[in-house]
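This briefing concerns a ligand site and one side-chain contact elsewhere in the chain. Please look over the sequence and the model before reading on.

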Amino acid sequence: MLQLKQEPSATKFIMKASLVLTLTMVFLLGRPFLGKAEVYTALVDMEGLLETERVLAQTLSTLIKAQEETLNKLKRFQADLAREHEKASQDVQTYLSNPINAYTLVKHLTTDWKGIENLLADNKMKEFYSNVTNYHSVLKFPTDEDLNGAAVALMRLQDTYKLDTSAVARGLINGIQYSTALTAGDCFELGRQSYNNKDFYHTVQWMTEALQRFNEEANKTITKADILEYLAFSTYMEGNVHSALEMTDELLTLVPNHSRAIGNRVYYLQDISQKDLQRKRGEDGQLDTSPHAQPLTFSEKKLGDVDELPERELYERLCRGEVKMSPAKEAKLKCRYVHHNNPFLFLARLKEEEAFLSPRILLYHNILADSEIETIKRLAQPRLKRATVQNYKTGELETASYRISKSAWLREEEHPHIAAVVKRVEDLSGLTCDTAEELQVVNYGIGGHYEPHFDFARRGEQNAFKSLGTGNRIATTLFYMSDVPQGGATVFPHLRAALYPTKGTAAFWFNLHRNGEGDYRTRHAACPVLTGSKWVSNKWLHERGQEFKRRCGLTEHED
Ligand SMILES: O=C(O)CCC(=O)C(=O)O
Ligand SMILES: [Fe+2]
């Protein structure tokens, strides 16, 4: 059977922390500290890892100095012994008849050797190791899950933003140098993570990059045999058995008795001869397995009009900024100062911008002060927990790979700034927040995202907001609490609209039609964060209490 290396149960990672996409990809020395909440899902939680990195670098530097001293002493002693021995072996009798030589020999093997023995017994490595073990209780260490999460996030960014593997490996993102280049070993590790996730497509990409880096590297960070082993197998899994065989042959020239390679080679050969046979039968008119006989896959189809695109493709194109609103539509959008006949807003006017007309998506600029943002972040930070989603069928809250971020909930009583922000939501919307959910604060981590979803509960959804007794989520207010240099847009695939985060701006839209039915056009997503840290907060308003504030209607079509 085909097989690859078994992963060692307690993998020790090579110490290397490299900044990729200004996101910290962490490969730390030592056993993963299990039982701690993951850190990769929020960028703020990653900050503690930099402190861990600093302490380890300092400790290692002290250890290396001490070890170098020890090594130098050993080298000097070894050279003395070798030199004397060389002299002695030329003429043993003459050598020993010299009293100084005789004394030197005895001294080497008594006092000097004792000193060396003491040196060897003084095991600084052990001391260092026990220190490192102690660090685990004080310092923040990422887990295997973090390493995997960080690697998967990198692949997600690569796919969504069509990033070139070689460029990323050189620390370049969209032409901007963000970090130092990755070594062959780093690329190998990314490939290995993909392999463990059975993602052979990315394994091939990263192992190929590892091979290229290996060829250029003066100080090798990985062996060619290790790379070839993973590359060959993944290439086979990707459907290219001939290349897999070539790579396995190359691996066998490097390590002739590589048992897995020997086994796989037999399997590949069998596979090739079987396929040859099938092809031959096809030529005889019995079986046609040529590509023409198979239906076109989605990626092979020519997709001209944006309207024909499936949601996923639209979502990714919007994230990349490739889909733009038509100039005719854009020309109809206005911005204005608003007061909603609210005396307070006559003094503190809101800067309202239309981002979309039907359904209306409004932007309010400079609606949060920096001091308010700081308060919200400060209060939320210690309480950030992996964001959950409600299982459509069971109604249970659970974590999901399609929502990667951390969130916390803040009550208005906690700080006057929160109360002021909630009041502002009432001012801008003309609705009441009496039945709204608490303020949700979100920080996205490496490649953090939230795939297309509705904020409102659909019919048939279990438990959705039932326990609240306040009805469905009538409207969303989304505050942007940071600028995001690259990525992280909020996109509405069905509207072909994208909102780019600007610190201090809020977006507002109704999720429900006037008749209470969900407005399916509001389906939206948070694109993966490419660089920077994305902070947002949401205030979700509910139906109850809005009866005299938002006119109701009998149909979906009344605006
Ligand atoms: O972060 C964003 O841009 C959108 C977040 C969102 O849609 C949500 O939390 O429901
Ligand atoms: Fe949402």
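How do the residues of the shell around ligand 1 divide into nonpolar, polar and charged? They divide into six nonpolar, four polar and three charged, where Ala, Val, Leu, Ile, Met, Phe, Trp, Tyr, Cys and Pro count as nonpolar, Asp, Glu, Lys and Arg as charged, and the others, Gly among them, as polar.

This is a predicted model, in which local features need pLDDT of at least 70 and side-chain atom pairs count only at pLDDT 80 or more, while totals for chains, interfaces and linings use all residues. Residues are numbered from 1 along each chain as its sequence is written, ligands are numbered from 1 in the order in which they are written, and side-chain values use heavy atoms, with hydrogens and water left out.

**Ligand 1: shell**
- Of the 13 residues around ligand 1 (a heavy atom within 4 Å), Tyr444, His453, Thr490, His524 and Lys534 come nearest.
- β22 gives the most to this shell, with four residues (strands are DSSP runs of E, at least two residues, numbered from the N terminus).

**Ligand 1: polar side-chain atoms**
- Oxygen atoms of ligand 1 lie 2.5 Å from an N or O atom in the side chain of Tyr444, 2.7 Å from a polar side-chain atom of Lys534 and 3.2 Å from one of Asp455.

**Glu229**
- Glu229, found in helix α9 (residues 224-237) (helices are DSSP runs of H or I, at least four residues), counts as buried because its relative accessibility is 6%, the cut-off being under 20% with a 1.4 Å probe and protein chains only.
- The side chain of Glu229 makes a polar contact with that of Arg260 at 2.7 Å (a pair of N or O atoms within 3.5 Å, one able to donate a hydrogen and the other to accept it).

Terms used:
Buried < 20%, exposed > 50% of the residue type's maximum accessible area, 1.4 Å probe, protein only.
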